[in-house]
Amino acid sequence: MSVVAAARTRGGALVAPFARQLGLAGSVLLVICCFLPWSTYSGFPGKMLNSTPGGARLYVLLLALFGFLFVKDLPGRRRALGSASTFAFVIALLTMLFIAYAGRGLVNVGSGAFVGVVAALLYMVGARSLPEDDRTAPVRSLPDGRWRAAVESVLCVLAAVAALAAFVIGLGIPSTSIADGEDYRLGGAISLNDLTNESQFLSFLLFLCGLMLALSRMGVIASLGAITKRHSKVLVAAGLMAAVVFPFTQGGDGYSLRIAASIGVFAAAAVGLNIVVGLAGLLDLGYIAFFGVGAYFAAIVSGSITSVIDVHLPFGLVILLSALIAGLFGVLLGAPTLRLRGDYLAIVTLGFGEIFRITVNNLDGSAGPKLTNGPNGVSNIPDLVLPGGFSFGENHNLFGVDLPFQANYYWLEVILVAVVMTAFLRLAESRIGRAWVAIREDELAAAATGINTTRLKLLAFALGATLAGAAGSVSAHVVKVAAPDSFTFLESALLLAAVILGGMGTVQGALLGATVLYLLPEKLRFLQDLRLLVFGIVLVLIMRLRPEGLVPSKRRQREFHEAGGGADALAAPPGHAGALG
Amino acid sequence: MTIVLQASAVTKRFGGLTAVKSVDLEVNEGEVVGLIGPNGAGKTTFFNCLTGLETPTAGEVTYRGTPLPRRPDLVTKAGVARTFQNIRLFPNMTALENVLVGRHTRTRAGVLAAVGRGPRYHREERESEDRSRELLDFVGLGKVRNELAKALPYGDQRKLEIARALATDPGLLLLDEPTAGMNPNETAATVKLVRAIQERSIAIVLIEHDMRFVFGLCDRVAVLVQGEKLMEGPPSAVQADERVVAAYLGTPTEEDTA
């Protein structure tokens with residue numbers, strides 16, 4: 001450790017006087033390299049052969065452009081440059097390795113890639129050898145004037161559009177399937193592990209991380225955040241519009257809409273879990289069971305031919321009843337267990353999740369009443385048909401655009417997520433939400449201040465379950481089946497991971513966390529077997545580097561960063577002892 | 001004069017230890033009563049028995065003639081609020097939010113109202129906020145209402161805890177060592193604050209070790225020693241009583257007197 005540190009200091013001292021020149025040269029060279037071919041064979045995604053940068057080369061190019069900071073000294077430049085250059089280097093290196101791997105050898109790596117990696121290294125060394133920033137970037141605001149409100153509103157809309165664009169691009173990167181990829185392979189040997197699509201997605205993800213970090217260190221993100229906060233209505237409207245418009249950008253392709261709808265299901269459940277975990281501070285490890293209750297109920301009463309009960313209730317009623325029944329289960333489980341604290345509650349909820357899964361696995365008529373068809377589940381749930389005759393199972397044409405049937409389910413999900421998010425936001429900023437936070441902060445003081453802690457904890461639990469039930473019933477219609485393997489502990493853990501990754505106590509966080517956690521295994525197929533390992537590593541990194549999550553609530557951020565070390569704040573929840581001293 | 005609080009023969013045993021032994025205490029409307037005694041005399045345990053944090057082994061507590069429930073939130077709802085010896089605020093909420101939590105028992109909006117946000121909800125929220133701001137101004141924290149509770153200086157945290165207790169509209173306020181850890185200036189400010197609370201016709205019982213504070217402020221003082229009430233009376237009588245001095249300083253041994 002000390003040897004490394006010493007070497008770094010010595011190296012730094014050697015380079016420091018020329019840091020600016022070195023870094024600038026590196027970034028300029030890197031920009032040039034992005035117009036050179038990176039591979040000797042055609043077919044690697046992102047057009048690595050011709051001179052127009054695309055894919056990874058484009059990302060590297062954009063990150064290299066931050067090199068202008070070597071010339072212009074803006075506040076926070078060292079850290080901004082550090083992020084941009086490091087991510088540029090990592091993307092360049094990974095891409096080179098992927099090209100070599102897919103092309104069966106370094107010989108098929110183009111000159112641009114070799115020089116690009118070296119240039120990116122210079123860029124990075126130059127950036128890291130700059131003197132420390134003497135000031136952090138301030139939160140800037142636009143000058144006052146007639147057009148300020150209008151310009152700020154436009155910025156909000158642009159932010160929503162940018163988010164949509166990032167989502168569309170990320171989704172648009174194809175994922176490897178078994179039939180893919182024979183056209184460009186040298187030598188004709190087919191490998192299922194080709195990884196070229198994965199490299200595309202990985203570099204896109206890294207690019208987004210690098211860009212966001214660099215921008216946030218230049219104060220752009222904070223300034224934009226302040227603006228969007230002032231115009232939250234514009235942002236919400238723009239975000240909703242972007243979400244509604246999304247199917248029109250897909251050119252009739254149903255695949256990404258299906259993925260987006262699944263993300264919606266996942267996000268709605270995550271927001272519901274966020275009430276329980278983020279606001280009230282109750283660790284629920286069996287949350288997916290409530291989701292399952294809703295899904296099974298909806299599956300059984302919606303006219304599926306495999307259902308043992310031959311009823312077909314209208315969809316609106318099904319959602320309502322699923323939510324209520326799941327909420328009832330929440331009360332049944334919560335009433336006896338919410339006296340437990342922390343770890344004990346976690347264990348009981350974990351047990352409940354398992355009991356639910358095993359029960360539905362066994363209600364097949366041999367070990368109990370025939371209700372769920374055991375491991376086969378209730379499948380063939382018919383498509384939704386609205387009273388007007390609008391069938392969710394058919395393709396429609398809207399404004400001259402052909403929309404696949406998946407768009408209908410996608411829009412249904414948008415409505416669900418919007419409703420769940422509204423409920424969450426309004427509850428958080430109310431008498432009830434304040435009481436939840438108070439309980440999380442100091443349960444005994446909350447009780448002494450007049451809060452019926454048992455009842456409010458039960459309420460949080462039941463509401464979380466209700467939202468999960470609603471999400472579950474919609475999900476059953478989207479995936480057309482309710483089967484036990486969808487409700488394993490892994491799913492509960494993933495939901496919890498989404499909440500923690502995104503940021504406890506915020507809806508944007510839950511949405512972002514759900515999106516990232518859903519897309520990662522979908523797009524990075526080689527992760528599938530290593531999914532848990534990688535998520536574990538990601539969570540540990542998040543806890544270490546950004547314990548408040550990607551989009552923290554203000555309160556969380558203060559909690560973790562004003563008190564000093566994040567680890568301390570985690571280890572010491574507000575005291576339980578001492579009141580009786 | 002109406003009796004606000006009547007505790008009769010309150011006893012609390014922890015296993016073999018009797019922390020509070022058959023203590024009686026009466027508090028009249030608008031009165032400030034001091035509760036003193038050496039460390040470990042059972043003062044805080046007695047408070048906990050009054051406020052439902054501990055269930056007394058025996059005895060009865062009534063507030064304005066009705067027995068007090070055995071649950072802290074119901075006690076607060078009935079009109080008895082308290083502060084803690086070691087300050088227990090909600091550290092990551094702002095000063096204003098802390099006081100707003102105090103309004104919980106006096107407001108009604110439920111889940112549907114919070115999600116639906118009708119005119120009634122908005123009116124109630126506005127009233128809660130106005131009342132909380134008024135209370136923060138009252139205790140002198142109007143300027144720091146948007147600061148985090150944990151970021152406030154120690155003296156302000158004590159004041160904030162009092163404001164939060166006042167937000168529950170109590171008829172009786174129990175203060176557990178309100179000046180502990182304060183400098184003389186802060187203590188003087190607390191004297192003024194307690195007087196101002198008294199003027200709002202809220203009765204106060206306070207545990208304190210600062211004798212000048214107690215004797216200067218209280219209408220009546222009760223002395224607890226080893227769980228038992230040693231005596232009770234006006235400050236001058238308590239101050240002059242030999243037994244009280246003995247309880248704090250110990251009895252002179254024969255060698256000392258010789």
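Biologist: How far apart do the C-alpha centres of domain 1 and domain 2 of chain A lie?

Modeller: In this predicted model the two C-alpha centres lie 35 Å apart, with domain 1 covering 8–140 + 147–178 + 191–233 and domain 2 covering 251–561 of chain A; the bounds come from an automatic or database domain assignment. Residues are numbered from 1 along each chain as its sequence is written, while chains are lettered from A, and ligands numbered from 1, in the order in which they are written. Local features need pLDDT of at least 70 and side-chain atom pairs count only at pLDDT 80 or more, whereas totals for chains, interfaces and linings use all residues, and side-chain values use heavy atoms, with hydrogens and water left out.

Biologist: What makes D442(A) and R88(B) a salt bridge?

Modeller: The term requires a side-chain nitrogen of Lys or Arg within 4 Å of a carboxyl oxygen of Asp or Glu; the closest N and O atoms of D442(A) and R88(B) are 2.9 Å apart, so the pair meets the rule. The rule finds two salt bridges across the interface of chain B and chain A.

Biologist: Why is the salt bridge of R434(A) and E125(B) said to join two chains?

Modeller: The N to O distance of R434(A) and E125(B) is 3.0 Å, and R434(A) lies in helix 15 (residues 431–441) of chain A whereas E125(B) lies in helix 5 of chain B, so this pair joins two chains. Helices here are DSSP runs (H or I, at least four residues), numbered from the N terminus.

Biologist: How is the extent of the interface between chain B and chain A expressed?

Modeller: The two chains bury about 3,300 Å² between them, 56% of it on carbon and sulfur atoms, where buried area is the accessible area (1.4 Å probe) that two parts lose on being put together, summed over both. In chain B, R88(B), N92(B) and H104(B) lose the most area to chain A, together 20% of what that side buries. By contact (heavy atoms within 4.5 Å), 40 residues of chain B touch 38 residues of chain A.

Biologist: Which values describe the confidence in chain A and chain B?

Modeller: On pLDDT, the predictor's confidence in each residue from 0 to 100, chain B averages 90 and chain A averages 78. Over residues 177–193 of chain A the pLDDT stays under 50, and where pLDDT is low, the predicted coordinates should not be read in detail.
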